[in-house]
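Welcome! Here is a short tour of a few helices, meant for someone meeting this structure for the first time.

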Amino acid sequence: MNRAVAIIDCGTNTIRLLITEPDGRGGLSEIDRRTEIVRLGQGVDATGEFHPDALARTFAVAEDYARLIGEHLIPTERIRFVATSATRDVSNREEFLAGIRRRVGVTPEVITGEEEAALSFAGALSGANDAHSPTLVTDIGGGSTELIIGDADGRVDHAVSLDIGSVRLTERFLTADPPSTDDLDRAAAYVDRLLDDEPIDWPAVRTWIGVAGTLTTLAAVDLELTEYDRSKVHGHRITLDDLASITRRLATLSAAQIRDLGTVHPKRADVITAGAVIASRIASRLTVSELVVSESDILDGAALELIGRSGS
């Protein structure tokens, strides 16, 4: 019996696929995992709608993913497509939903920020071995940042999705290449204002886990990888001092110079500095000494939930 499920997560910057099945021990056995940078949220912050070019890029990758899913003979009831920050904000959402439905065969779930946060928390903990309570899970996306506080057993105490992400922050503040000191200061102050409004006991956090592309990329930079290696990134620990150093270094480089480092995906090079600024502003509030980077994230959380619904 085929027990595999397929999860597609479409965010502001990336569209990602996970094909997996239950491992018989309450976890997941991964079959395939893919990531493509499509920048669906191109210009959304300014225009309030998806750009035709962004839709075309996203639909092309969705077609590729649908073919991969079909090769594994996964029925539509075992496919889940979740859409996050950018899709929540646009006026032409129906065009996107209809386009995905035609290509993948399922209607995307436009999940709330709170649902996104909860799935990210569940996914992060599924790949963590030594988390201590309270645990803070952070997902810095292109359009939003999820902050989830809970215990190491999976209970969520507070979850929020903030409208700050690497693409949004870049388009609003970091328009020079490389960014000016004044623009970096304005971006950091904006992030701080949003973080100030959150009722999070930052000093109480005992474990900080970071998931998804921004933070896994910063781990690759810290590791000085010349080619991305998921096995080395997963579980890597970045000291907060090193995170601050990486942020300062990236802020002095142009997008072309960041691409030349060889550790950052070329399509992420122009927004990774903004993502590092967000991470650093969060880090400045914590008393932990390190960030634990996890490759288990919202995809894993969504897969576990779908498997639970279907009783596999």
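Let's begin inside: 11 of the 12 residues of α12 are buried, so this helix is largely enclosed by the rest of the structure. Please keep in mind that this is a predicted model.

**Helix α12**
- Helix α12 covers residues 272-283, which makes 12 residues.
- From its first C-alpha to its last, α12 reaches 16 Å, close to the 16 Å expected at 1.5 Å a residue.
- The buried residues of α12 are I272, T273, A274, G275, A276, V277, I278, A279, S280, I282 and A283.

**How α7 meets α12**
- Helix α7, residues 181-196, packs with α12 at an angle of about 45°, and their axes are 10 Å apart.
- Angles under 35 degrees count as roughly parallel and 65 to 115 as roughly perpendicular; α7 and α12 are therefore oblique to each other.
- The crossing in which α7 passes α12 is right-handed.
- On the α7 side, the contact is made by L184, A188, V191, D192 and L195, while α12 brings T273, V277, I278, R281 and I282.
- Sorted by class, this contact of α7 with α12 has 7 nonpolar, 1 polar and 2 charged residues.

**Helix α8**
- Helix α8 spans residues 213-223 and is mostly covered, with 9 of its 11 residues buried.
- Those buried in α8 are G213, T214, L215, T216, T217, L218, A219, A220 and V221.
- Just after α8 comes E224, which takes a positive phi of about 55°.

Terms used: Residues numbered from 1 in each chain as written. Predicted model: local features only at pLDDT ≥ 70, side-chain atom pairs only at ≥ 80, totals over all residues. Heavy atoms only, no water. Helix = DSSP H or I, 4+ residues; strand = E, 2+ residues; numbered from the N terminus. Expected span 1.5 Å × (residues − 1). Buried < 20%, exposed > 50% of the residue type's maximum accessible area, 1.4 Å probe, protein only. Axes fitted to C-alpha atoms, helices over the stretch in contact; angles between N-to-C directions. Parallel < 35°, antiparallel > 145°, perpendicular 65-115°, else oblique. Left-handed = near helix turned anticlockwise from the far one by under 90°. Contact = heavy atoms within 4.5 Å. Nonpolar A, V, L, I, M, F, W, Y, C, P; charged D, E, K, R; others polar.
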